[in-house]
Amino acid sequence: MIQTVRGTFDILPDEVPRWRLLEETARTVFRCYGYREIRTPIFERTELFARSVGEETDIVAKEMYTFTDRGGESLSLRPESTASVVRAYIQHKMWTWGSVVKLFYLGPHFRYERPQKGRFRQFHQIGAEAIGQNDDPAIDAELIEMVEEYLDRLGVLERALFINSVGCSQCRPAYVRRLKETLAGVISRMCENCQRRYETNPLRILDCKVEEDQPFIERAPALLDHLCEACAAHFEALRRHLEARGIAYQIARRLVRGLDYYTRTAFEITSARLGAQNAIAGGGRYDGLSELLGGPPAKGIGFALGVERLLLALPEDAAIVDDAPDLYIAYLGEAARQEAFRVARRLRRAGLVVIYDFEERKLRRLMAQADRAKARYALLIGEDELAAGRYTLRDMRTGEQEALSEEALLRRLVTSRELSASGRG
RNA sequence: GCGAGCAUAGCUCAACCUGGUCAGAGCACUUGACUGUGGAUCAAGGGGUUGCGGGUUCAAAUCCCGCUGCUCGCCCCA
């Protein structure tokens, strides 16, 4: 039997409503903040990710699905989307669109990782980017507010917002040197991972969770205390903006981001309901990424959110069955069968969800089918109905039945559908 | 890349430790009790080379080895 590839899965019809809820709520909320949807290709030139995400990062070094196409070009399935969006910003000269361009995206992304709870090889992200000449911290605060608003609307509980600043090209290199100097004498006593990070990505040492390493990390200088004046002012302003907006946050002095392009603002939203992979959303500022990709100077901030993880943190009752049929037609006999097909077509044209069985069965079985399909109404067409020119409509909730002409039937069903639609809100 | 756990009917599981009555149950499915009326009840039925391969044994779902897959954790990240 051929099965789904490791780390991938089918989203079956029963689960699709939950996915649609997340996607449609995102579109609704982000649009209110002036963000517009962009759809970039699923694969790009490998170079795009190598230059933006960073050659040395795990994502690029060992997690990308990279292949050579028939033209000999190295391409990669996207492991994230910020690089693509910035590429599009440059390619389509979006700086001419206005001072800050706000875009959002959603779709599948790919990383070759060992699957576990909340982590897959094909996974889905929803994200947004604000790119332009302006790096006003109010833009950062608004973006964070938007994510919080989105999660509030979905009812995601047990979550926390952490913020930090990772500095800029002015202050971070000096800090990293200072960090390495501080740890130089003790690094040999720290865990293997930290020894490796010391060489590849010293900032990540701050993230280490090994108990024995904590005393060393506690004594290490914090990036927040070594920001340049401009970065420090930016971070203070961000805090004031968040407070003015009534958004509760915690400062996580050890929060760093894994991708090379991040600068200044870094934030993360976690949920206690997830497991080891407890980050639902993460993001930050990436001033200078445009230049890195050969574009004009530009500032930017964005975030990405893991759909599979968000699903884990969603309330149980968020699943809504939105495709229950309006009508199940139970016909008896060949003549009634033809009549059923004709009536169904007319009702479907009016937007009603109409189903029937293709097999002849006893009426008892047909009614059971209607019940199981959760149809709102059942329509009976048999010899009596054909002779009278009126169909028997049964309300599956109350069991009440009445004989209706085709016109009356259409009116009744359309009205019923409108009522239930407005009732659901 | 590393570590641990688990693979029995469509689904959830039992039998495995202490090898040996045909591998069972619930749910789901089909049919009937109920000739044109659903949800309940009762009955009958279909569906498994116990993940794959090898070994031990008179005998393997059960014990041993290998492989594959899944899950969780490390790592990394959303």
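In helix H1, Leu21, Leu22, Thr25, Ala26, Thr28, Val29 and Phe30 make contact with Met146, Glu149, Tyr150, Arg153 and Leu154 of H5. By residue class, this H1–H5 contact comprises eight nonpolar, two polar and two charged residues. The structure is a predicted model, and the values reported here are computed from it.

Two packed helices are described by the angle between their axes and the distance between the axes. For H1 (residues 16-32) and H5, the angle is about 135 degrees and the axes lie 10 Å apart. Angles over 145 degrees count as roughly antiparallel and those of 65 to 115 degrees as roughly perpendicular; H1 and H5 are therefore oblique to each other. The handedness of the H1–H5 crossing is right-handed.

Helix H5 (residues 137-154) also packs against helix H9 (residues 229-244), where the axes come within 8 Å and cross at roughly 45 degrees. Angles under 35 degrees count as roughly parallel, so H5 and H9 are likewise classed as oblique to each other. H5 passes H9 in a right-handed crossing. On the H5 side, the contact residues are Pro137, Ala138, Asp140, Ala141 and Ile144, and these meet His234, Ala237, Leu238, His241 and Leu242 of H9. Seven of the residues in the contact of H5 with H9 are nonpolar, two are polar and one is charged.

Strands of a sheet pair through backbone hydrogen bonds, either parallel or antiparallel. In this model, three strands are arranged as an open sheet in the order S2-S4-S3, with antiparallel pairing. From one strand to the next, the twist averages 35 degrees.

The pairing of S2 with strand S4 (residues 74-77) is antiparallel and extends over three bridges. Within this pairing, Phe43 has Leu77 of S4 as its bridge partner, and Glu44 stands opposite Ser76 in S4. S3 and S4 also run antiparallel and are joined by three bridges. Here Thr66 stands opposite Ser76 in S4. S3 and S4 form a hairpin in which five residues lie between the two strands. Gly72, located in the turn of this hairpin, has a positive phi of about 85 degrees.

Lys117 is placed in the loop between strand S5 (100-110) and strand S6 (122-132). Apart from residues up to four places away in sequence, Lys117 touches Leu274, Gln277 and Leu312. The C-alpha atoms of Lys117 and Asn278 are separated by 9.6 Å, although the two residues are 161 residues apart along the chain.

At the level of the whole chain, the domain assignment divides chain A into two parts. Domain 1 is made up of two segments, 16-171 and 227-318, whereas domain 2 covers 327-424. The centres of domain 1 and domain 2, taken over C-alpha atoms, are separated by 49 Å.

Methods
Residues numbered from 1 in each chain as written. Chains lettered and ligands numbered in written order. Predicted model: local features only at pLDDT ≥ 70, side-chain atom pairs only at ≥ 80, totals over all residues. Heavy atoms only, no water. Axes fitted to C-alpha atoms, helices over the stretch in contact; angles between N-to-C directions. Helix = DSSP H or I, 4+ residues; strand = E, 2+ residues; numbered from the N terminus. Left-handed = near helix turned anticlockwise from the far one by under 90°. Contact = heavy atoms within 4.5 Å. Nonpolar A, V, L, I, M, F, W, Y, C, P; charged D, E, K, R; others polar. Pairing = 2+ DSSP bridges. Domains from an automatic or database assignment.
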